[in-house]
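Have the model open in your viewer and keep the sequence beside it.

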Amino acid sequence: MKILIITKHYLAEKGGGSNGSRAYIKALRDIYGGCTIIYPDKREDPMQHLFGDDGVEYIPCYDDRSFIRKGIDVYLGKIHRTLGKVKEVLSQQKFDIIFIDHSSIANGVLSFVRKHTESRVVTIHHNFEVNYLKDNHGYALIRIPMIYYSIKAEKDSLFKSDLGLTVTENDRKCLIEHYGVDARKVEYFGSFFDNDIKPNEFNATGKSDRTRLIITCALYFPQNTGPVLDFLRNYLPRIKELYPQINLTVAGRNPSQEIMEECSRHKDISLVPNPVDMGEVLEQGDIYVCPTDRGSGIKLRVFDGLKYGMPVILHQNSVWGYEPMVEKGISYTYHDVDSFISALKSVMSGNVSTVDVKKAFSEYYSFSAGKERIRRALEKHNLL
């Protein structure tokens, strides 16, 4: 089968959406033996061919509009740059299946595809947009039309696609309940890492003295900055009362002024802005913490902790997609300071080794495991 993938994400970047898209595209390339990709790109810094050249056609999509033009276009219902390039490509080629990577891309694209092609359509839902947009407002001047057209695109993609794929079971349930779509048209396939853990990486020994907490995320993003500040102000003092030896490392892109100021007030916090190699930061960690208490979808940053062998403590609103790790005693959830302290005590007194964590991560979130789940979902709907 010949497939086209249309994505909204800058695939070479390190954010959660980009990380997820790379894994999904790589899996689809392997499953179908090739693909055509329409993707956003920058003229001044073009993306390298991330997925190899064997059977893969790369079609970059540039955005040369001015900032003012982009704002006007949002009010006109144009919330992405992709439609023109899609029309051009579909006038030249035919595809058996078109994968829409993020429901917002369905805006304009899906109606054109349905009118002018016989392709089947699969939409990958990275979030439940109603919740995601509520917690990530964006620029004030375009907030209202962006939310309106994004939610409309999500609804259209659910009813007009042949199949919807979600990265968490919670997103699947929310989409079905909120929009009243046929449950048989929406499948949960789960997120996964874009590589497998090599066998020699399981040879690390467990850590007996867990003293360094690690938080990683984009430190400018509203979904993250509020919860991180709350953790620093309200959780860390209680933690230090019980475990004075514990230190905290906060690492991520472009920390806000408020984050920098709050970190500077605590002598036991190390702030690492824009780390060149996040791996060097993670190797020093003992317990990974995800304080994000809002948004939707799976918090892919938790992969940082798991793949480096750390037990994870995460807010109950970030547990979606990580339920298997909770069941295995690899991850613990909390909802307030007291429940966090309880989770921390469990981790500190437990016997979970680095090897245990890495094996559990590999079993469910490795590339091979994820590719098999998405293959089964496609097979179930006769898309192979």
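A few conventions come before the tour. This is a predicted model, in which local features need pLDDT of at least 70, side-chain atom pairs count only at pLDDT 80 or more, and totals for chains, interfaces and linings use all residues. Residues are numbered from 1 along each chain as its sequence is written, and side-chain values use heavy atoms, with hydrogens and water left out.

Let us begin with the helices. Two packed helices are described by the angle between their axes and the distance between the axes. Helices here are DSSP runs of H or I with at least four residues, strands are runs of E with at least two, and both are numbered from the N terminus. An axis is a line fitted to C-alpha atoms, for helices over the stretch in contact, and angles run from 0 to 180 degrees between N-to-C directions.

Find helix α8, residues 222–242, and then helix α13, residues 337–349. Their axes come within 10 Å and cross at roughly 45°. Angles under 35 degrees count as roughly parallel, over 145 as roughly antiparallel, 65 to 115 as roughly perpendicular and the rest as oblique. α8 and α13 are therefore oblique to each other. The crossing of α8 with α13 is right-handed, where right-handed means that the near helix is turned clockwise from the far one by less than a right angle, and left-handed means anticlockwise. Contact means heavy atoms within 4.5 Å. From α8, the residues that meet α13 are Phe231, Asn234, Tyr235, Arg238, Ile239 and Leu242; on the α13 side they are Val337, Asp338, Phe340, Ile341, Leu344 and Lys345. Sorted by class, the contact of α8 with α13 has eight nonpolar, one polar and three charged residues. In this scheme Ala, Val, Leu, Ile, Met, Phe, Trp, Tyr, Cys and Pro count as nonpolar, Asp, Glu, Lys and Arg as charged, and the others, Gly among them, as polar.

How does α8 lie relative to helix α9 (residues 257–264)? The axes of α8 and α9 come within 10 Å and cross at roughly 15°, which makes α8 roughly parallel to α9. This crossing is left-handed. Thr225, Val228, Leu229, Leu232 and Arg233 of α8 make the contact with Glu258, Ile259, Glu262 and Cys263 of α9. The residues of the contact of α8 with α9 divide into five nonpolar, one polar and three charged.

How many disulfides does a search of the whole structure find? The search finds zero, a disulfide being a pair of cysteine sulfur atoms within 2.5 Å. Cys61 is in no disulfide, and its nearest cysteine sulfur, that of Cys35, is 16 Å away. For Cys263, the closest cysteine sulfur is in Cys217, and at 10 Å it is too far for a bond. Buried means under 20% relative accessible area, exposed over 50%, and partly exposed in between (1.4 Å probe, protein chains only). Cys61 counts as buried at 4% relative accessibility, and Cys263 counts as buried at 3%.

Now move to strand β3, residues 56–61, and pick out Ile59. Ile59 is buried, with 12% relative accessibility. Setting aside neighbours within four places in sequence, Ile59 is in contact with Thr36, Ile37, Ile38, Tyr39, Lys85 and Val89. Lys85 belongs to helix α3, residues 83–90. Under the rule that leaves out neighbours within four places in sequence, Lys85 is in contact with Ile38, Ile59, Pro60 and Cys61.

Finally, turn to the loops. Ile79 sits in the loop between α2 (67–75) and α3, and is buried at a relative accessible area of 15%. Not counting residues up to four places away in sequence, Ile79 touches Ser104, Asn107, Met146, Tyr149 and Ser150.

Backbone angles bring us to the last stop. Most residues other than glycine have a negative phi. Asn254, although not a glycine, has a positive phi of about 45°; look for Asn254 in the loop between β9 (247–252) and α9. Asn274 is also not a glycine and has a positive phi of about 45°; Asn274 is found in the loop between β10 (269–273) and α10 (278–282). Asn254 is partly exposed, with a relative accessible area of 43%, and Asn274 counts as partly exposed at 40%.
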